[in-house]
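Open the structure in a viewer and keep the selection panel at hand.

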Protein chains: 2
Amino acid sequence: MIQVVAGIDIGGTNTVFGLTDREGTIHATGNLNTANYSDGEVFIQDLAKEISKNLKPEFQLVGIGIGAPNANHHEGTMTNPPNLKMKGVIPFVKRFQEIFSVPTVLTNDANAAAIGEMIFGGAKGLKDFIMVTLGTGVGSGFVANGELIYGHDSFAGELGHTIIIPNGRPCGCGRKGCLETYTSASGIAKTFTELTEKQTGENLENITSYDVLLEAEKGNPIAIETFDYTAKILGLALSNAVCITSPSHIFLFGGPVKAEHFLLNPLQKYFEDYMLFVFSNNVKLQISELMDKNAAILGAAALAWQKI
Amino acid sequence: MIQVVAGIDIGGTNTVFGLTDREGTIHATGNLNTANYSDGEVFIQDLAKEISKNLKPEFQLVGIGIGAPNANHHEGTMTNPPNLKMKGVIPFVKRFQEIFSVPTVLTNDANAAAIGEMIFGGAKGLKDFIMVTLGTGVGSGFVANGELIYGHDSFAGELGHTIIIPNGRPCGCGRKGCLETYTSASGIAKTFTELTEKQTGENLENITSYDVLLEAEKGNPIAIETFDYTAKILGLALSNAVCITSPSHIFLFGGPVKAEHFLLNPLQKYFEDYMLFVFSNNVKLQISELMDKNAAILGAAALAWQKI
């Protein structure tokens, strides 16, 4: 018998899961088209069926971990996720515990990524670190004293929504100047589009952060400037975060991190430029060790393994 | 026999201590003129003598807690405090444990204040809160999951040195735009001086934040504007901090907090204006319950009681 947990990542388009052992080996995977579902209960039942199908006799399911948007860790629920058709309060933890009779844990994607890094990645044995995910938005998970900071209502770790430029770019949250409006994948694309229009008069459309990386690699100075500007804002936000929790490491995850030369080199420089002297050269800024692995499944699986 | 701990607060001018029981009653106090000492060992020995003098037969000393500038909690040392003549690394914890053979704990003043609030003040039973001290500087202590966040090197909780206005006012730390350059007592005085010069041409000298409060009470619109501006900057910094640790409460301590009407009312407004919607009206901003008590001694004593 191999003991496994189901690590489930609920995304806007697709939901994926993997039966994962304690060492992080994924023995079986499956998926479901999230976009097809508007009823949470139907989704839960179909997902449970898919998981059951994969539970061959050699596997013993011992837990379930779920990473989901708008997740409430304390309540075990997902509430009105912005990019999903399912609405209302969906009681994932309660229902999966009823169906499978195993411990079930749920949290948001970035928190799951932090636990994934701690159990299966570069943060093994670390007590104080920050995980930052750069994607459509900017997520984060803060670990202090060896524990993830959930906060009193389980919504802690919203570094992406710290206001970094008061009265700056409008954010999806309804406020202005949040970190993620500048340093998410779409924020990077927006900076490039704005700078290009300003410097050449050209109106670009449907640019992605990957396009900006390709332009930078071609030597486009506006693309290089875009990453430099992104690095400057992210460096400030990260050095401010260091002042609060004093981590030994910050791990970066997500598409934009692939712009290693263009983003990470200036980021390292600005990070230290903005750093309070007591922390200088004392915080390691590095790429997540789960970058090329199935990080979403591993993060969710780690959540469950951590609880068991 | 009354079990007591010695709560010691090492300040730039004066060092005070109090023999404090588990309920926070201070049974005896003493002090030493810190400014007279340039040798750490001599200071430790004289302080130990003063404490011993107060240890009447009815007291049983069971611990020592120390709040000190530039304190390293992990190492138990104070290193090159900027406003003291004593230099180098002073091993308070090691020496007091040798002299009194009781558990001894040391941390910085704001962290001690946070623990004091948790043990003796308004944060009893709270697992997630932030303590902010407004004085010569701006200090802070963050509690998450019921534990103070020391960080990997014990220097966490430097909210006062988060950069809130890039390229803003020069700070004693060598950088620019730190929160404390705007919202400490001296930051408030500086804002008033600057605004007065700008609006009336008058050059004010040696203004304190208390003078600004007196002016505000007299109806001076520049003083009122000063507190409003301070509240706006502090409100932004606090709402950003909420994004990271999601506390249930924020406690404010220190002289400027006495400007209740002029500072706290606008602060409450800006704090909510800047707040991410998930946290709206969900974080209590309130005055420390240790404000009119011997907070420095109680904070240091609480440190020791927490360890025992």
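For sorting residues by class, Ala, Val, Leu, Ile, Met, Phe, Trp, Tyr, Cys and Pro count as nonpolar, Asp, Glu, Lys and Arg as charged, and the others, Gly among them, as polar. This is a predicted model, in which local features need pLDDT of at least 70 and side-chain atom pairs count only at pLDDT 80 or more, while totals for chains, interfaces and linings use all residues. Residues are numbered from 1 along each chain as its sequence is written, chains are lettered from A and ligands numbered from 1 in the order in which they are written, and side-chain values use heavy atoms, with hydrogens and water left out.

**First stop: the cavities**

A cavity here is a set of points, on a 1 Å grid over the protein atoms alone, where a 1.4 Å probe fits but cannot get out; lining residues have an atom within 4 Å of a point. Grid points are joined across faces, edges and corners, and a volume is the space filled by probe spheres set on the points.

The whole structure has 2 cavities of 30 Å³ or more. For the largest, with a volume of about 200 Å³, select Thr162(A), Ile163(A), Asn240(A), Thr162(B) and Asn240(B), which lie nearest its centre among 18 lining residues. Then show helix H7 (221-245) of chain B and H7 of chain A, the elements that give two or more residues to this lining. Helices (H or I, at least four residues) and strands (E, at least two) are DSSP runs, numbered from the N terminus. H7(A) gives the most, with 5 residues. The lining has 14 nonpolar residues, 4 polar and no charged.

**Second stop: chain A against chain B**

Select the contact (heavy atoms within 4.5 Å): 38 residues come from chain A and 37 from chain B. The two chains bury about 3,200 Å² between them, 61% of it on carbon and sulfur atoms. Buried area is the accessible area (1.4 Å probe) that two parts lose on being put together, summed over both. Asn145(A), His152(A) and Ile244(A) supply 20% of the area that chain A buries against chain B, more than any other three residues.

**Last stop: a salt bridge**

A salt bridge is a side-chain nitrogen of Lys or Arg within 4 Å of a carboxyl oxygen of Asp or Glu. Between chain A and chain B there are 0, while the search over all chains finds 18. Select Lys49(A) and Asp46(A), whose side chains form one at 3.7 Å, N to O. They are separated by about one helical turn, because they are 3 residues apart in helix H1 (residues 40-54) of chain A.

Conventions:
On a 1 Å grid over the protein atoms alone, a cavity is a set of points where a 1.4 Å probe fits but cannot get out, and a pocket is an open set with protein on both sides within 12 Å along at least five of seven lines; lining residues have an atom within 4 Å of a point.
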